[in-house]
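I opened the notebook to go through one model and write down what I looked up. The entries follow the order in which I checked things.

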Amino acid sequence: MKPLPPLEPIAIVGFAMRFPGNIGDADQLWTALLAGQDLVTEVAADRWPTSDLQHPRRAEPGRSITFAAG
């Protein structure tokens, strides 16, 4: 097995997120994760036309059976 190269410092210069529950920054996300908060919700109807895309059969092409996201 080949040894791993030495670790070098990296810089994170930015990131973005979109989470349910009004979580708007990394501190809020970390707090929710530590609390064991369930962050899975339904995608907002104004984001995608869920009524057009949802279908009860999983095999239906171009459709989804759920719009849960987390």
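Where is the place of G70? I found G70 in the segment after β2 (68–69). Before going on, I noted that this is a predicted model, in which local features need pLDDT of at least 70, side-chain atom pairs count only at pLDDT 80 or more, and totals for chains, interfaces and linings use all residues. Residues are numbered from 1 along each chain as its sequence is written, and side-chain values use heavy atoms, with hydrogens and water left out.

Entry: the whole chain.
I looked up the elements and got two helices and two strands. Helices (H or I, at least four residues) and strands (E, at least two) are DSSP runs, numbered from the N terminus. From the N terminus on, they run α-β-α-β. The radius of gyration, taken over C-alpha atoms, is 19 Å, well over the 11 Å that the globule rule gives for 70 residues, so the protein is more spread out than a compact globule. The rule itself is 2.2 Å times the number of residues to the power 0.38. Along the principal axes, the C-alpha atoms fill a box of roughly 50 × 35 × 25 Å.

Entry: surface and contacts.
I took the accessible surface of the protein as about 6500 Å², with 58% of that belonging to carbon and sulfur atoms. The areas come from the Shrake-Rupley method with a 1.4 Å probe; for residues, only the protein chains shown count as cover. Buried residues make up 11% of the 70 residues, where buried means under 20% relative accessible area, exposed over 50%, and partly exposed in between. For contacts (heavy atoms within 4.5 Å) between residues at least 6 apart in sequence, 30% join residues at least 24 apart.

Entry: G70 again.
G70 counts as exposed, at 77% relative accessibility. Setting aside neighbours within four places in sequence, I found G70 in contact with L39 and V40.

Entry: I23.
Is I23 buried or exposed? I23 counts as buried because its relative accessibility is 9%. This residue is in the segment before α1. Not counting residues up to four places away in sequence, I23 touches M17, Q28, L29, A32 and L39. I also checked I23 against L34: they are 11 residues apart in sequence and 14 Å apart, C-alpha to C-alpha.

Entry: D25 and helix α1.
What caps the N-terminal end of helix α1 (residues 26–34)? D25 does, with a side-chain oxygen 3.1 Å from the backbone nitrogen of D27. I hold this against the polar contact criterion: a pair of N or O atoms within 3.5 Å, where within protein one must be able to donate a hydrogen and the other to accept it, and residues adjacent in sequence count only if both atoms are side-chain atoms. D25 is in the segment before α1 and is partly exposed, with a relative accessible area of 35%. After α1 comes G36, whose phi is positive, near 70 degrees.

Entry: F15.
F15 also has its place in the segment before α1, and at 59% relative accessibility F15 counts as exposed. D25 and F15 are 10 residues apart in sequence and 9.6 Å apart in space, C-alpha to C-alpha.

Technical notes. Buried means under 20% relative accessible area, exposed over 50%, partly exposed in between (1.4 Å probe, protein chains only).
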